[in-house]
Amino acid sequence: MVVAIVEVHVKPEHIDQFIAATIENHRDSVLEPGNMRFDVLQDPRDPSLFLLYEAYDSAESAAAHKNTPHYAKWRDTVAPWMAAPRKGTPYRVLCP
């Protein structure tokens, strides 16, 4: 299993737009072969901070996600709404 957590800081005036675009990306991402989980999280103390928890069955499936039309649409749509560049961090899965 391959897991990445993507941290996204969104400009406050674009939070609702970001949520809508990210939910659309989520809907298609969970249908990808190899996708095991795709969670969209919002920090309750800082509503402009989001985490995307992405789990794939292999490095190939994770890489394929970045080549999908829905990912490209999301990436290009939300880029101007970010307060800082998004930061993706891969994690090694220990359990399960």
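**Reading the terms in a predicted fold**

Q: Why does R75 count as partly exposed?
A: The relative accessibility of R75 is 29%. Buried means under 20% and exposed means over 50%, so a value in between is called partly exposed. R75 therefore counts as partly exposed. The model is a predicted one, and this value is computed from it.

Q: What makes the contact of R75 and D76 a salt bridge?
A: The side chains of R75 and D76 meet at 3.0 Å, N to O. The rule asks for a side-chain nitrogen of Lys or Arg within 4 Å of a carboxyl oxygen of Asp or Glu, so this pair qualifies.

Q: How many salt bridges does the rule give?
A: The count comes to 4. Side chains of opposite charge can pair when their charged atoms come close.

Q: What makes E24 and K73 a salt bridge, and which parts of the chain does the pair link?
A: The closest N and O atoms of E24 and K73 are 2.7 Å apart, and the cut-off is 4 Å, so the pair passes. E24 lies in helix α1 and K73 in helix α3 (residues 69–78). The two residues are 49 residues apart, and the pair links distant parts of the chain.

Q: Why is the pair of D39 and R37 counted as a salt bridge?
A: For D39 and R37 the closest N and O atoms are 2.7 Å apart. The cut-off is 4 Å, so the pair is counted. At 21% relative accessibility, D39 counts as partly exposed; the buried class needs a value under 20%. R37 is partly exposed with a relative accessible area of 44%.

Q: Why is N25 called buried?
A: N25 has 2% relative accessibility. Buried means under 20%, so N25 counts as buried.

Q: Where does N25 lie, and which residues does N25 touch?
A: N25 lies in helix α1. Leaving out residues up to four places away in sequence, N25 touches F38, H65, H70, Y71 and W74. Contact here means heavy atoms within 4.5 Å.

Q: Where does helix α1 lie relative to the strands?
A: Helix α1 (residues 15–29) lies across β1, β2 and β3 (49–56). The helix runs at about 170° to β2.

Q: What is the order of the strands in the sheet, and how do they pair?
A: The sheet is open and has 4 strands in the order β2-β3-β1-β4, with antiparallel pairing.

Q: Why do β2 and β4 count as edge strands?
A: β2 (35–42) and β4 (87–91) each have a single partner strand, so one side of each is left without a neighbour in the sheet. Neighbouring strands of this sheet are turned by 15° against each other on average, direction ignored.

Q: How do you know that β1 pairs with β3 and with β4?
A: Two strands pair if there are at least two bridges between them. β1 and β3 run antiparallel and are joined by 8 bridges. β1 (residues 2–9) and β4 are also antiparallel, with 5 bridges. Both counts meet the rule, so both are pairs.

Q: Which residues stand opposite each other in these pairs?
A: I5 has Y53 in β3 as its bridge partner. V6 stands opposite G88 in β4, and E7 stands opposite K87 in β4.

Q: What makes the chain as compact as a globular protein of its length?
A: The chain has 3 helices and 4 strands, in the pattern β-α-β-β-α-α-β along the sequence. The radius of gyration is 13 Å, close to the 12 Å that the globule rule gives for 96 residues, so the chain is as compact as a globular protein of that length. The C-alpha atoms fill a box of roughly 35 × 30 × 20 Å, taken along the principal axes.

Q: What share of the residues counts as buried?
A: Of the 96 residues, 35% count as buried.

Q: Why is the peptide bond from C95 to P96 called cis?
A: Omega of this bond is near 0°, and the bond is cis. Most peptide bonds are trans. P96 is found in the segment after β4.

How values were computed: Residues numbered from 1 in each chain as written. Predicted model: local features only at pLDDT ≥ 70, side-chain atom pairs only at ≥ 80, totals over all residues. Heavy atoms only, no water. Axes fitted to C-alpha atoms, helices over the stretch in contact; angles between N-to-C directions. Buried < 20%, exposed > 50% of the residue type's maximum accessible area, 1.4 Å probe, protein only. Rg over C-alpha atoms; globule rule 2.2 N^0.38 Å.
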